[in-house]
Number of protein chains: 2
Amino acid sequence: MKIGFIGSGNVGQTLGSSLIKLGHDVKLGARSPEKLNTWLEQFGQGERASVGSFQEAAEHGELIFNATPGTASLDALLVAGHNALRGKILIDVALPLNFLNGELSLSVANTDCLGEQIQRAFPEVKVVKTLNTVNSTLMVNPLSLADGQHDLFISGNDTDAKSKVMGYLKEWFGWRSIIDLGDISSARGTEMLLALSSRVYGAVGHPNFSFKIVSKT
Amino acid sequence: MKIGFIGSGNVGQTLGSSLIKLGHDVKLGARSPEKLNTWLEQFGQGERASVGSFQEAAEHGELIFNATPGTASLDALLVAGHNALRGKILIDVALPLNFLNGELSLSVANTDCLGEQIQRAFPEVKVVKTLNTVNSTLMVNPLSLADGQHDLFISGNDTDAKSKVMGYLKEWFGWRSIIDLGDISSARGTEMLLALSSRVYGAVGHPNFSFKIVSKT
């Protein structure tokens, strides 16, 4: 599949590399694509890895990832452009993190969230929020932790788009359990989980953890 | 132990009943204590169950629970009074829930939380936030779910107070795993978890669930 990335930091590179190795045709979009030459060099001639502007990445993809820092996401998506994104599924993995005076918080929370902001700004795009509760290593290799016995969450207004993305995540990376939380406003829950995750990180001493819902059956 | 409750709704009654059955001397504090006669009637003459005003409950307890609705907690604790609470451990289990136009949110979140508000208003009290990620049934009977293989979280500025509360929760109710998230500001994480919990409730269809941190060892 042709996949475009808006954002080319650690998360975009990790997801992109994994998808290229799975045989997909990936274009990482960046404000300064020339900075990605080192990333590109790891792939051979026959592999379909490329870089470009946000707009070029959005035009390239049948499926788009938003892997920008959350506070820069709306600007980056506007640069990518409504025309290039129209009608496509946008997998939003971004977290709207604010670091102010050494304290971590969210730039939007509680009565709104980044996923909703993006969906409102791009009503013609199918925004699906997921993967935003684990680090990039676990995103692409959930089976490396407890044989995959932990949960991912998914939010979005378009049921068909969510269903497709759940299928991709299971097929590509081996995710076993993906809980459908509801419409895009339910992404408040996974974005706000950052406030707990950041403290769990401190308590366990590393970022290789995930959440599991333990429920009566 | 003499235990006082500020708040006498479902959570206060469930915790209070459980502690009375364990042999503790519990006073439930309410704005209208006479409404608790039905609750009181379940206990026999020899059992140390009583009701009273917020102030009477706070004076009674060597240990205090805040089990009021979160949006009413500060007012209720002020009615209980600084003198009655001074120097004591206050186990804060409240969630600052707002229902506005049918939508659930928190009255404080992200850069502050109820636990911190209480600690600032009562600097002479040892505020320990815990139990606020599960429903009242699971609070007092964690072993009823997956043999207790799920996590509770705890936040507070006073290490000794947290240590004591962890001991109580293990001894009284059988909690097996309690993760110390840090100072009282880490209670933002568990209070904000409500945004996820409310959607997980919708997804699993019942409130009998809890969270587990799945972590590389």
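In the predicted model, 39 residues of chain A are in contact with 39 residues of chain B, contact meaning heavy atoms within 4.5 Å. The area buried between chain A and chain B is about 3,200 Å². Carbon and sulfur atoms give 64% of this area. Buried area is the accessible area (1.4 Å probe) that two parts lose on being put together, summed over both. On the side of chain A, Arg199(A), Val214(A) and Lys216(A) lose the most area to chain B. Together they account for 21% of what that side buries.

As the model is predicted, local features need pLDDT of at least 70 and side-chain atom pairs count only at pLDDT 80 or more, while totals for chains, interfaces and linings use all residues. Residues are numbered from 1 along each chain as its sequence is written, chains are lettered from A and ligands numbered from 1 in the order in which they are written, and side-chain values use heavy atoms, with hydrogens and water left out.

Polar links also cross the interface. Between chain A and chain B, 15 residue pairs are in polar contact, both residues being at pLDDT 80 or more. A polar contact is a pair of N or O atoms within 3.5 Å; within protein, one must be able to donate a hydrogen and the other to accept it, and residues adjacent in sequence count only if both atoms are side-chain atoms. Five elements of chain A give two or more residues to the side that touches chain B: strand 7 (103-106), strand 10 (177-182), helix 9 (187-192), helix 10 (194-204) and strand 11 (209-215). Helices (H or I, at least four residues) and strands (E, at least two) are DSSP runs, numbered from the N terminus. Strand 11 of chain A gives the most, with seven residues. By class, this side of chain A has 18 nonpolar, 14 polar and seven charged residues. Here Ala, Val, Leu, Ile, Met, Phe, Trp, Tyr, Cys and Pro count as nonpolar, Asp, Glu, Lys and Arg as charged, and the others, Gly among them, as polar.

Strand 11 of chain A runs antiparallel to strand 11 (residues 209-215) of chain B, joined by seven bridges. Strands pair if DSSP finds at least two bridges between them. Ser215(A) has Phe209(B) as its bridge partner.

The rule asks for a side-chain nitrogen of Lys or Arg within 4 Å of a carboxyl oxygen of Asp or Glu. Arg188(A) meets Glu103(B) in a salt bridge (3.2 Å, N to O). Arg188(A) also forms a salt bridge with Glu116(A) (2.7 Å, N to O). This second pair links distant parts of the chain, helix 6 (residues 114-121) and helix 9 of chain A, 72 residues apart. Both Glu116(A) and Arg188(A) are buried, where buried means under 20% relative accessible area, exposed over 50%, and partly exposed in between (1.4 Å probe, protein chains only).

In chain A, Asp112(A) and Arg120(A) form a salt bridge at 2.8 Å. Asp112(A) is buried at 15% relative accessible area, whereas Arg120(A) is exposed at 53%. In chain B, Asp112(B) and Arg120(B) meet at 2.7 Å, N to O. Asp112(B) is buried at 14% and Arg120(B) is exposed at 52%. A network of salt bridges links Asp92(A), Lys129(A) and Glu191(A).

Strand 6 (residues 97-100) and strand 7 of chain A form a hairpin with two residues between them. Four antiparallel bridges pair these strands.
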